[in-house]
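Q: Hi, I am new to this one and would like to go through it with you. Could you bring it up on the screen?

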Amino acid sequence: MRLIKKLIFAVLAILAILTGLMFVINNPEQVSINLVFFQLPEFSLGVWMVSIFVLGALIGFALSTMFVLMLKTRLGSARRKIASTQKELDQLRVSSLKDAV
């Protein structure tokens, strides 16, 4: 199963790289991007498109990783609270059985 996952990932990565290369090859027009207060240098339209796509993917990955870490932290806290509550409940059950005898 792990081999199939790696194979699918490799095929998708190769397809993404080939798609990026096709964008760069088929969009050779030189453009300069003006960001109101800052002007970026001239590169081909394909390079800008691929660069922005990669930047967006990296930002998305970073944000989703932060979200997952936050959820894992909350899950760990909830598990510790449940364990503490379960321990307290077990102690109360034992003490109530001792009082009944």
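Predicted model: local features only at pLDDT ≥ 70, side-chain atom pairs only at ≥ 80, totals over all residues.

Q: Where does S44 lie?
A: S44 is part of strand β2, which covers residues 43-44.

Q: And which residues does S44 touch, leaving out those up to four places away in sequence?
A: With those sequence neighbours left out, S44 is in contact with N27, P28, E29 and Q30.

Q: Let's switch to rings: how many aromatic pairs does the structure hold?
A: There is 1 aromatic pair in the structure. The partners are F43 and W48, whose rings sit edge-to-face, with 5.6 Å from centre to centre and 70° between the planes.

Q: Why does W48 count as buried?
A: W48 counts as buried because its relative accessibility is 13%, and the limit for that class is under 20%.

Q: What about charges, how many salt bridges does a search of the whole structure find?
A: The search of the whole structure gives 1 salt bridge. In that salt bridge the side chain of D90 meets the side chain of R93, at 3.9 Å from N to O.

Q: Why can side chains like that pair at all?
A: In general, side chains that carry opposite charge can pair when their charged atoms come close.

Q: Where do D90 and R93 both lie?
A: Both D90 and R93 belong to helix α2, which spans residues 45-100, and they are 3 residues apart, about one turn of the helix. As for accessibility, D90 is at 35% and so counts as partly exposed, while R93, with a relative accessible area of 47%, is partly exposed as well.

Q: New topic, pockets: how much space lies in the largest pocket?
A: The largest pocket holds about 190 Å³ of space.

Q: Which residues line the largest pocket?
A: Its lining is made up of A16, I17, T19, G20, L21, F23, M49, V50, F53 and V54. Sorted by kind, the residues of this lining are 8 nonpolar and 2 polar, with no charged residue among them.

Q: Which element gives the largest share of that lining?
A: The largest share comes from α1, which contributes 6 residues to the lining. Helix α1 (2-26) and helix α2 each supply at least two residues of the lining of this pocket.

Q: I'd like to ask about the backbone too: what is the phi of V36?
A: V36 has a positive phi of about 65°, although V36 is not a glycine. This residue is located in the loop that runs between β1 (30-31) and β2.

Q: Is V36 buried or exposed?
A: V36 is exposed, because its relative accessible area is 70% and the cut-off for exposed is over 50%.

Q: Last topic, distances: how far are the C-alpha atoms of V94 and S44 separated?
A: The C-alpha atoms of V94 and S44 are separated by 75 Å, and the two residues are 50 residues apart along the chain. V94 lies in helix α2, and V94 counts as partly exposed at 44% relative accessibility.

Q: And what separates the C-alpha atoms of R80 and L3?
A: For R80 and L3, which are 77 residues apart along the chain, the C-alpha atoms are separated by 36 Å. R80 is in helix α2, and with a relative accessible area of 58% R80 is exposed.

Q: Then how far apart in space are T85 and T19?
A: Going from C-alpha to C-alpha, T85 and T19 are 54 Å apart in space, and in sequence they are 66 residues apart. T85 belongs to helix α2, where T85 counts as partly exposed at 47% relative accessibility, while T19 is one of the residues that line the largest pocket.

Methods: Residues numbered from 1 in each chain as written. Heavy atoms only, no water. Helix = DSSP H or I, 4+ residues; strand = E, 2+ residues; numbered from the N terminus. Contact = heavy atoms within 4.5 Å. Salt bridge = Lys/Arg side-chain N within 4 Å of Asp/Glu carboxyl O. Buried < 20%, exposed > 50% of the residue type's maximum accessible area, 1.4 Å probe, protein only. 1 Å grid on protein atoms, 1.4 Å probe; cavity = no way out; pocket = protein on both sides within 12 Å on 5 of 7 lines; lining within 4 Å. Points joined across faces, edges and corners; volume = space filled by probe spheres on them. Nonpolar A, V, L, I, M, F, W, Y, C, P; charged D, E, K, R; others polar. Phe/Tyr/Trp six-rings, centres within 6.5 Å; stacked < 30°, edge-to-face > 60°.
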